[in-house]
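Here is a short briefing on one protein chain.

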Amino acid sequence: MNLIRKISQSFDKVKTKYYTKYLYYKKLKSLTPGKESIELSKAEVDSLEISVKVGCGMYCDYCPQDSYIKNFKENYQNQERILTPETFEKVFQNVPNSTLIKWTGFTEPMGIPEFPTFVESLAKKGYIQDISTTLSGAKESQIWFSKNVNLFNRITLHLPDNKKLMKCNVNELYLSVFRDTLEHSFSFGWDDSRMVLFLIGDDFHPQVKEIIDEFLKNGKLKPVQIHKAEVLNTRNSNIELNKLNLENVTMREFQRDQDGMKNNIQYYCSYRRLNQGVLLPNGKVALCCQDYNLDYIVGDLKTETLADLYKKIENDEGMFNDFKNGKFFPCTKCEHYVTTDNSFSGHLRK
């Protein structure tokens, strides 16, 4: 049975790879001549990731938290390091409810007790919300989340591994929250795509794995919902794979031409992040989820609209030329910044 499953999974990967290539070239032909770089670098829907605080208690070995903390403190010495209700209110006056909200960013989203209030406020205003969570954080937020999974469009549970790459406290509360989250998601009759259990590592933490096996056995979880990372992002050249001692995990090859554009071929973001910024707790917006150094701040959502922020690069002639010519910093440090003749776009879905 395991052999059949592996063959099926391999076939699905090949099918997805070639279907993605087809979508890529189909979209490429429909773009505005001369603006392929910008248009291809944006997702179909504007989104905003939210970092609720500075510093994440998980301190995963594959996450450059030190860089995030250091650079925030240096750049914003006397500014809020936790997202306050006042900043939250100001920010969302400038974010239309057509924006997909992603509770993830540079830190665990449930790390503050105000998390439930923020989510409920956005839900009432009609925002669609996704979340990627380790299930750790403020106790009241953990318990609330396990009972209110229906407020989220899609949930990724980023779970602890068996070698403590993630510094998660797997205690009685954590296991109870995990179990309740699975039970409640099953009770809503969700399809397989709405909840994913994600792992970076060789295997899940033993106590977490025990619960997963139980839910697989009783049919409340399906194997297709278990995703083990095969490729890691470098987080803008901040992570070195050889220090993690991970089996069966690679990083994407850095294939950029350091001399810029060749043969009139433009560069683009194959991660499609030019309209998927990261809100910081002080209201500023970082370019994307890979920029833990905070090298490029797009603007301030307390005083500017999200639409204006997401057009800054294309509306500035100098920045636009640098971006399409392969010279835009900090993208020059990222493996996703490639030429448009490179058909990889793992985030091209339709």
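Helices (H or I, at least four residues) and strands (E, at least two) are DSSP runs, numbered from the N terminus. This is a predicted model, in which local features need pLDDT of at least 70 and side-chain atom pairs count only at pLDDT 80 or more, while totals for chains, interfaces and linings use all residues. Residues are numbered from 1 along each chain as its sequence is written, and side-chain values use heavy atoms, with hydrogens and water left out.

**Overall**

- The protein has 11 helices and 13 strands.
- Of its 350 residues, 50% count as buried; buried means under 20% relative accessible area, exposed over 50%, and partly exposed in between (1.4 Å probe, protein chains only).
- Among contacts in the protein with a separation of 6 or more, 73% are between residues 24 or more positions apart; contact means heavy atoms within 4.5 Å.

**Helices α5 and α6**

- Helix α5 (residues 115-124) packs with helix α6 (residues 139-147) at an angle of about 40°, their axes being 8 Å apart. Axes are lines fitted to C-alpha atoms, for helices over the stretch in contact, and angles run from 0 to 180 degrees between N-to-C directions.
- The two helices, α5 and α6, are therefore oblique to each other. Angles under 35 degrees count as roughly parallel, over 145 as roughly antiparallel, 65 to 115 as roughly perpendicular and the rest as oblique.
- On the α5 side, Phe115, Pro116, Val119 and Glu120 meet Glu140, Ser141 and Trp144 of α6.
- The residues of this contact divide into 4 nonpolar, 1 polar and 2 charged. Ala, Val, Leu, Ile, Met, Phe, Trp, Tyr, Cys and Pro count as nonpolar, Asp, Glu, Lys and Arg as charged, and the others, Gly among them, as polar.
- In α6, the buried residues are Ser141, Gln142, Trp144, Phe145 and Ser146, and they pack against α5, β3 (129-133), β4 (154-158) and α7.

**Helices α7 and α8**

- Helix α7 (residues 172-187) and helix α8 (residues 206-217) pack at about 20°, with axes 10 Å apart. That makes α7 roughly parallel to α8.
- Tyr174, Leu175, Phe178, Arg179, Leu182 and Glu183 of α7 meet α8 residues Gln207, Val208, Ile211, Ile212, Glu214 and Phe215.
- By class, the α7 contact with α8 has 8 nonpolar, 1 polar and 3 charged residues.

**Two buried positions**

- Leu48 lies in strand β1 (residues 47-50) and is buried at 0% relative accessible area. Its C-alpha atom is 8.7 Å from that of Leu306, 258 residues apart along the chain.
- Beyond four places in sequence, the contacts of Leu48 include Phe92, Ile101, Leu279 and Leu306.
- Ser37, in helix α2 (residues 36-40), is also buried, with a relative accessible area of 0%. Ser37 and Thr340 are 303 residues apart in sequence and 7.3 Å apart, C-alpha to C-alpha.

**Backbone details**

- Most residues other than glycine have a negative phi, and most peptide bonds are trans.
- Leu135, in the loop between β3 and α6, has a positive phi of about 70° and is buried at 0% relative accessibility.
- Lys164, in the loop between β4 and α7, has a positive phi of about 60° and is exposed, with a relative accessible area of 61%.
- Phe329 and Pro330 are joined by a cis peptide bond with omega about 15°; Pro330 is in the loop between α11 (317-324) and β13 (337-339).
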